[in-house]
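Welcome! Please take a moment to look at the model before reading on.

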Amino acid sequence: MMTFDNLLGKNSQFAAVIRAARLIAKTDVTVLILGESGTGKELLAQAIHQYSGKQGSFIAINCAALPEALAESELFGHRKGAFTGATDQQQGRIQAAQNGTLFLDEIGELSLNVQAKLLRFLESGECQILGSTKPEMVNTRILTATNRNLEIEIQQQKFRADLYYRLNIVPLELPSLQQRESDIEMLLYEFTKQLAKNYDLVQPTYSKATIKQLRSYTWPGNIRELRNFCERMVILNSGKIIEPTNLPREFYSISIPNSTFNLPDAGVCLKTLEISIIKQALKKTYGNQTKAARLLGLTRDTLLYRMKKYAIK
Ligand SMILES: Nc1ncnc2c1ncn2[C@@H]1O[C@H](COP(=O)(O)OP(=O)(O)OP(=O)(O)O)[C@@H](O)[C@H]1O
Ligand SMILES: [Mg+2]
């Protein structure tokens with residue numbers, strides 16, 4: 001089981017999140033864990049449960065993988081005959097995690113209807129089992145996570161503001177790996193060491209130039225991507241010194257920004273080019289403005305400013 005000690009990182013923003021997480025672990029307050037993909041949201045949820053000392057289980061549900069029609073019965077359970085096809089009674093995950101923790105991952109994916117029921121449970125502790133007239137009191141700690149911007153989802157009326165405020169009592173926002181640039185080297189050594197041991201291989205070493213290159217890379221997949229990278233290096237380069245030339249292609253794009261584009265003799269329309277590049281960045285990042293801004297070397301605010309200027313949606 002994951003503990004806080006397994007969560008590596010020295011960066012001050014990261015350390016502050018861990019400090020807050022330790023403080024809230026012993027309470028029953030609902031938590032919203034924010035952060036890009038691969039920043040450690042699930043690991044943090046597990047560590048909070050472990051540190052809470054709760055006797056019940058830790059159960060994780062990915063709300064994105066729950067078909068809308070089943071979500072309510074999955075969470076709250078149902079009695080036999082509650083709906084067509086309910087041939088047996090089924091315990092909900094909230095009850096299954098009684099005296100423990102239920103981790104609702106990708107909470108932004110729940111339908112508005114289920115969001116309303118969840119809010120009711122959070123406020124009263126009452127679990128409304130489908131097909132049952134009497135609610136049951138259940139004592140389950142709820143942790144939630146998302147890599148979406150729920151404030152935007154609220155504006156688009158896809159997420160309930162009241163639930164958001166309820167979840168957001170203690171927000172824990174994990175920094176992206178790029179925001180933790182000073183941790184990259186330590187994580188690189190730590191993962192390489194661990195993985196070499198797992199595979200019973202001699203660990204590779206990284207030259208100074210390689211480390212510089214790795215530190216300037218954007219790491220869109222964050223710590224998960226860094227760990228996978230280390231795994232690949234351990235397997236392919238066991239015992240060797242890794243130079244920049246041994247790095248996969250994606251590690252080059254941002255270190256040579258001046259020579260990637262040659263102005264044709266006929267010139268270009270800078271505005272058209274800019275619009276096209278911004279659109280490509282948004283497409284590549286599935287509309288995630290923070291990531292798109294990063295691909296373009298802009299702050300999110302600057303990107304939003306330019307999108308507005310060119311009426312890019
Ligand atoms: N602080 C950390 N220390 C060590 N390893 C970490 C840390 N954070 C993340 N990892 C590694 O990254 C992997 C991904 O972490 P996790 O599944 O918690 O990310 P996530 O934020 O839930 O991502 P997603 O949004 O894609 O579900 C873990 O399996 C682990 O190997
Ligand atoms: Mg996750």
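## First look

How many helices and strands are there in the protein chain? There are 13 helices and eleven strands; helices (H or I, at least four residues) and strands (E, at least two) are DSSP runs, numbered from the N terminus. This is a predicted model, in which local features need pLDDT of at least 70 and side-chain atom pairs count only at pLDDT 80 or more, while totals for chains, interfaces and linings use all residues. Residues are numbered from 1 along each chain as its sequence is written, and chains are lettered from A and ligands numbered from 1 in the order in which they are written.

The C-alpha trace of the protein chain spans about 75 × 55 × 35 Å along its principal axes. Of its 313 residues, 31% count as buried. Here a residue is buried if 20 or more other C-beta atoms lie within 10 Å of its own, exposed if 12 or fewer, and partly exposed in between, with C-beta atoms placed from the backbone. Two residues are in contact if their C-beta atoms, placed from the backbone, lie within 7 Å. Among contacts with a separation of 6 or more, 76% join residues 24 or more positions apart.

## Domains and the ligand

The domain assignment gives domain 1 (4-173), domain 2 (181-255) and domain 3 (270-309); such bounds come from an automatic or database domain assignment. The C-alpha centres of domain 2 and domain 3 lie 28 Å apart.

Where does ligand 1 lie? Domain 1 and domain 2 both give residues to the shell around ligand 1, so the ligand lies between them. The ligand is surrounded by 15 residues, and the closest are Ser37, Gly40, Lys41, Glu42 and Ile223; a residue counts as near if its C-beta atom, placed from the backbone, lies within 6 Å of the molecule. By type, the shell divides into four nonpolar, seven polar and four charged residues. Ala, Val, Leu, Ile, Met, Phe, Trp, Tyr, Cys and Pro count as nonpolar, Asp, Glu, Lys and Arg as charged, and the others, Gly among them, as polar.

## The nonpolar cores

A nonpolar core is a set of buried Ala, Val, Leu, Ile, Met, Phe, Trp, Tyr and Cys residues joined through C-beta atoms within 7 Å. The largest one has 36 residues, and Ile33, Leu44 and Ile48 have the most contacts inside it. At least two residues of this core come from each of several elements, including α1 (12-25), β1 (31-34), α2 (41-52) and β8 (141-146). A second, separate core of 15 residues includes Leu177, Leu188, Tyr217 and Phe229.

Leaving aside residues up to four places away in sequence, Ile33 touches Lys41, Leu44, Ala45, Leu143, Thr144, Ala145, Leu172 and Leu174.

## Helix α2

Lys41, Leu44, Ala45, Gln46, Ala47, Ile48 and His49 are the buried residues of α2. They pack against α1, β1, β2, β5, β8 and β9 (170-173). The twelve residues of α2 should span 16 Å, and its end C-alpha atoms are 17 Å apart, which agrees; the expected span is 1.5 Å times one less than the number of residues. Just after this helix, Gly53 takes a positive phi of about 75°.

Helix α5 (residues 112-124) is the place of Leu119. Is Leu119 buried, partly exposed or exposed? It counts as partly exposed, because it has 17 C-beta neighbours inside 10 Å. Beyond residues up to four places away in sequence, Leu119 touches Arg160, Asp162, Leu163 and Arg166. The C-alpha atoms of Leu119 and Arg166 are separated by 7.6 Å, although the two are 47 residues apart along the chain. Just after α5, Gly125 takes a positive phi of about 75°.

Asn99, in the loop between α4 (93-96) and β5, has a positive phi near 65° in a residue other than glycine. Asn99 is exposed, with 12 other C-beta atoms within 10 Å. Glu106, in the loop between β5 and α5, has a positive phi of about 55° although it is not a glycine. Glu106 is partly exposed, with 18 other C-beta atoms within 10 Å.
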